[in-house]
Amino acid sequence: MGIMGSLMNCALLRNKTDPCIKQMMAYRKTKNIPVIIQSSEGIDGRIKRCIKKFGGSMHEEYPIINACSANIPPSGIKPLESLYQVRYLTLDYPVICHLNNLNSAIGTESAHRLKVTGKNITVALLDTGTYPHPDIIRPRNRIILFKDFIDNVEFPYDDNGHGTFTAGIMLGNGTMSGNEYIGAAPEANLISLKVLNQSGSGRVSTVLSALQWILAKKEAYRIRIVCIPLGCMSFLPCDVDPLSRAVQVLWDSGVVVCASAGNNGPYNSWISSPGINPSIITVGAAQTRGKIPCPEKPLCTFSSRGYTL
């Protein structure tokens with residue numbers, strides 16, 4: 001192969017592994033590393049055999065991005081990345097919920113006057129679940145489906161509160177407040193996908209499961225919007241970040257994807273994934289005086305902001 005070919009091969013291998021995985025490998029007490037394995041050809045027998053050979057365990061496949069989640073001992077990382085079909089290895093990062101603020105500051109009253117109320121539109125919300133609040137289930141239950149990716153509970157619930165809060169901002173109809181507090185789309189239907197636990201945290205792999213489910217079911221349930229008020233820190237380009245790749249597939253399929261930027265301000269370049277994707281709509285936190293936006297300082301101090309890789 002020659003010296004130049006060897007150097008190119010080494011550079012290629014370095015570029016196929018998340019730097020955070022390398023840091024975990026250097027720590028002697030690391031026994032297993034939770035990873036997302038992205039492949040250029042799908043998760044085939046060679047990848048599965050390699051995982052098993054080095055004592056790892058595969059959890060779930062995500063055809064939406066030709067990937068799978070697995071636990072891998074440090075000794076199995078280099079053999080995995082040496083497989084030509086392995087596109088990238090990323091850490092199965094923790095994801096956390098983000099806080100939205102002051103629905104009235106975004107001008108929903110004007111939309112309502114124009115009869116833009118979300119009627120016949122279904123929104124899929126990835127969050128901590130949704131409590132069947134009267135503003136969502138009266139006079140008609142608009143939670144048309146609830147799916148729990150954490151504990152597999154069949155009935156709608158929210159053991160944190162963030163998901164119910166977000167659902168109210170999106171599609172609460174003001175039943176309990178005499179129409180004083182109305183969400184952006186008070187006639188929209190909701191699919192609630194619980195991907196975060198009681199503490200408001202989860203894993204990239206769980207979010208990928210939900211996005212895979214949406215891709216398969218979007219026509220059956222007429223899903224037109226996906227709301228993702230959560231994220232994880234990512235130091236990767238958007239074309240190798242797993243969540244960014246998955247939302248790109250949804251966007252290209254005709255689904256509008258909205259994600260929160262995160263709460264990592266005021267420093268630049270701290271937007272969370274999947275908000276780093278340039279195709280989707282990424283939303284920061286609005287600075288207001290009461291209910292009036294502040295044009296001179298539109299972003300709250302804590303709101304994440306660009307640039308991204």
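Visitor: What makes the four strands β2-β3-β1-β4 an open sheet with antiparallel pairing?

Guide: In this predicted model, the strands stand in the order β2-β3-β1-β4 and pair antiparallel. Strands count as paired if at least two bridges are found between them. Strands β1 (residues 33-39) and β4 are joined by five bridges, so they pair under that cut-off of at least two. One of the residues concerned is I37, whose bridge partner in β4 is L89.

Visitor: Why are β2 and β4 said to stand at the edges?

Guide: β2 (57-62) and β4 (86-91) each have a single partner strand, so one side of each is left without a neighbour in the sheet. Neighbouring strands here are turned against each other by 25 degrees on average, direction ignored.

Visitor: Which helix packs on the sheet, and which strands does it touch?

Guide: Helix α8 (residues 204-217) touches β1, β2 and β3 (67-72). Touching rests on heavy atoms within 4.5 Å. The direction of α8 makes about 35 degrees with that of β2.

Visitor: How many helices and strands are there in the protein?

Guide: The protein has nine helices and 15 strands.

Visitor: What share of the residues counts as buried?

Guide: Of the 309 residues, 48% are buried, with the cut-off set at under 20% relative accessible area.

Conventions
Residues are numbered from 1 along each chain as its sequence is written. This is a predicted model: local features need pLDDT of at least 70, side-chain atom pairs count only at pLDDT 80 or more; totals for chains, interfaces and linings use all residues. Side-chain values use heavy atoms; hydrogens and water are left out. Helices (H or I, at least four residues) and strands (E, at least two) are DSSP runs, numbered from the N terminus. Axes are lines fitted to C-alpha atoms, for helices over the stretch in contact, and angles run from 0 to 180 degrees between N-to-C directions. Buried means under 20% relative accessible area, exposed over 50%, partly exposed in between (1.4 Å probe, protein chains only).
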